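Have a go at each task before you read its solution.

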Amino acid sequence: MIFLKIRLTEGPNESEIMKKLIVVITATITAFSWISLHAGPDSDQAAFEKYFTSKFPDTPVSDFINGVYSIDKPSREQWEEIEEFPPYELAIDSGKAAWNKPFANSKTYADCFENEGAVRGNYPYWDADRKEVVTLELAINECRVANGEEPLKYNKGKMADISAYMSYQSRGQKINVVIPDDPDAMAAYERGKEFYYSKRGQLNFSCFDCHGSGSGNLVRADKLSPALGHTSHFPVYRSKWGGMGTLHRRFGGCNKQVRAAAFKPQSQIYRELELFLTYMSNGLDFNGPGARK
Amino acid sequence: MFKKVKTTAVASLVATIMTLGLMSYANVGIVSNAIASDGFESSWAAADEQRKMAAKLGFEWRDTKKLLKKAKAANESGENEKAMKLVAKAHEQSNDAIAQQERESSAWQSRVPK
């Protein structure tokens, strides 16, 4: 700063040169930060997808929505049998009943969500007015509260049921998360991304250590699923849980697994993680609810 | 003349040593008193403060809170040594978690597929 001031007062010629130089430098820095921001999500997604299609060349890209079964033939056969009498059917049924049952004010979920609840494909999204990520589960509770009902707990139970029904209604919709051209939206995406790749907990693992570089490896009896397609099929019936769970329940479980403290379901960081991770699967189909071991 | 100076010097040296000795004796007394009375409380509070710092950074470890709970229980049932060990372990976990955050604030980028 001081140096610049001295130079600028040294005579008209030099000061002109200095001014031009400063303009050029500023423009260059702005251009570079613009490029690095805007090259972001799109090229991230392409590289992410390519990472998995190269690692598992036998798996068609559209099949990654089937989690570990997309890369593990033996367990796939068992799973296909399970899918004939899917364990999440009960959840869809009770979710459907909840969908049709009027609130105390005689409105229903249909007053909040269009298209008979087939709206999974609109979530998660960046809400520019609220400056935050809105997920389907968050919107379900906001619908309830706006109509004078108690909010539901986010991890399982009634929330998983209604979300399962809406996911079922939405089967086949394309994952198409949009990160708007907005510094706040970009920052949210970047936080989700940083979370995904950062090692955490006493065991010092990042999500990607297990579901990227470690995908296909065994952890105890489990084969690690590839991260591509990871958010397509939630909520999920998990035999280990003996019931349904939402995506954020899974996030919490995976955090605790590496002995990191979990965050609350629907906390800001988990919604941003969902935004990032769902964006990585753009172009694939939503196929929830799902069944897993 | 020479001799006299020497005696004075020796005397003052002895006096100094005695004073220092007394002072450190007094100090030890104060410190050990502190450990007995509020050493646990202040160590526990410092460890919990560190845990909160790790949590604020988003890097708290799963079991740190449990360790601090166990430490409190041990202290209440008079197992002071065990309690202090648990507190030390909890404190160390949070130090490690904070260091992990510091490392990861740049290291994560190396894992992003290019």
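The model is predicted, so local features need pLDDT of at least 70 and side-chain atom pairs pLDDT 80 or more, while totals for chains, interfaces and linings use all residues. Residues are numbered from 1 along each chain as its sequence is written, chains are lettered from A and ligands numbered from 1 in the order written, and side-chain values use heavy atoms, without hydrogens or water.

**Exercise 1.** Work out which residues of chain A are in contact with chain B and what area is buried.

Step 1. Go for contacts (heavy atoms within 4.5 Å): 21 residues of chain A meet 16 of chain B.

Step 2. Now the buried area (accessible area, 1.4 Å probe, lost on putting two parts together, summed over both): about 1,600 Å², with 58% from carbon and sulfur atoms. Tyr197(A), Lys199(A) and Gln202(A) supply 28% of what chain A buries against chain B, more than any other three residues.

**Exercise 2.** Find the strand order of the open sheet in chain A.

Step 1. Strands are DSSP E runs of at least two residues, numbered from the N terminus, and two of them pair if DSSP finds at least two bridges between them. The order comes out as 6-5-7, with mixed pairing.

Step 2. Strand 6 (243-245) and strand 7 (290-292) of chain A each have a single partner strand, so one side of each lacks a neighbour in the sheet.

Step 3. Strand 5 (residues 236-238) of chain A runs antiparallel to strand 6 of chain A, joined by three bridges. Arg238(A) sits opposite Gly243(A) in strand 6 of chain A.

Technical notes. Helix = DSSP H or I, 4+ residues; strand = E, 2+ residues; numbered from the N terminus.
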